Amino acid sequence: MKTCLVVDDSRVIRKVARRILEDIGFEIAEASDGMEALAWCRAAMPDAVLVDWNMPVMTGIEFLRHLRLEPGGERPAVVFCTVENDLARIREALDAGADEYIMKPFDGDIIATKFAQVGLI
C-alpha cells in the first residue's frame, strides 16, 4: 500500500484529506508543520506528500526545499494544497520541486485527478 504524508496546521484539513486518501487506497501519516514532516520523512520516506504552504515552524515551501536535499527525497510526489493562488507562488512551488498544485477548498475528485496526473494512482 502506498503511503501519503498529509502536512497541514489545520487538524480539520488533515482529517478531510485523510478520509479522501484512504478511500483511494493510501496509508496516511500526518504532520502539523514542515519540521514535523521532515522528521517523519527522515524516518520513513512516503510515496506522496500533500502539503500546505502557510504553516508555523517551517512553511511548506521550506519543507519541500529541505525534502528534495534528503537521501531519497527526490522520490516522493509532492502536491501542494493551499489557498495561495498567485501565479508567481505556484511557479515558485513547482520550481522548488513540487509535482502538482491543488487549491483549497478541495474534494475527492480533485485529489484523485491530481494524484493520477503524477502517477500515484
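V57 is exposed, with a relative accessible area of 63%, where exposed means over 50% relative accessible area, buried means under 20%, and partly exposed lies in between (1.4 Å probe, protein chains only). V57 sits in the loop between β3 (48-51) and α3 (60-67), and its phi is near 70°, a positive value in a residue other than glycine. Most residues other than glycine have a negative phi, and most peptide bonds are trans.

This is a predicted model, in which local features need pLDDT of at least 70 and side-chain atom pairs count only at pLDDT 80 or more, while totals for chains, interfaces and linings use all residues. Residues are numbered from 1 along each chain as its sequence is written, and side-chain values use heavy atoms, with hydrogens and water left out.

**Overall build**

- The protein has five helices and five strands, where helices (H or I, at least four residues) and strands (E, at least two) are DSSP runs numbered from the N terminus.
- Read from the N terminus on, the elements follow the order β-α-β-α-β-α-β-α-β-α.
- With 121 residues, a compact globule would have a radius of gyration near 14 Å, and the 13 Å of the protein agrees with this; the radius is taken over C-alpha atoms, and the globule rule is 2.2 Å times the number of residues to the power 0.38.
- Along the principal axes, the C-alpha atoms of the protein fill a box of roughly 35 × 30 × 25 Å.

**Surface, burial and charge**

- Of the 121 residues of the protein, 47% count as buried.
- The protein exposes about 5900 Å², of which carbon and sulfur atoms supply 52%; accessible areas come from the Shrake-Rupley method with a 1.4 Å probe, and for residues only the protein chains shown count as cover.
- The mean positions of the 14 positive and 21 negative charges are 2 Å apart; Lys and Arg count as positive and Asp and Glu as negative, without His and the chain ends, and the place of a charge is NZ of Lys, CZ of Arg, CG of Asp or CD of Glu.

**Strand β1**

- Strand β1 (residues 3-7) is mostly covered, since five of its five residues are buried: T3, L5 and V7 lie on one side, and C4 and V6 on the other.
- Five bridges join β1 to strand β2 (residues 27-31), and the two strands run parallel; two strands pair if DSSP finds at least two bridges between them.

- Among contacts (heavy atoms within 4.5 Å) between residues at least 6 apart in sequence, 60% join residues at least 24 apart.
- T82, found in strand β4 (residues 77-82), is buried with a relative accessible area of 0%.
- Not counting residues up to four places away in sequence, T82 touches D52, W53, N54, Y101, I102, M103 and K104.
- R89 lies in helix α4 (residues 87-95) and counts as partly exposed, at 27% relative accessibility.
- Leaving aside neighbours within four places in sequence, R89 is in contact with W53, N54 and E84.
- R89 and I111 are 22 residues apart in sequence and 20 Å apart in space, C-alpha to C-alpha.

**A cis peptide bond**

- The peptide bond that joins K104 and P105 is cis, with omega about -5°, and P105 has its place in the loop between β5 (100-103) and α5 (108-117).
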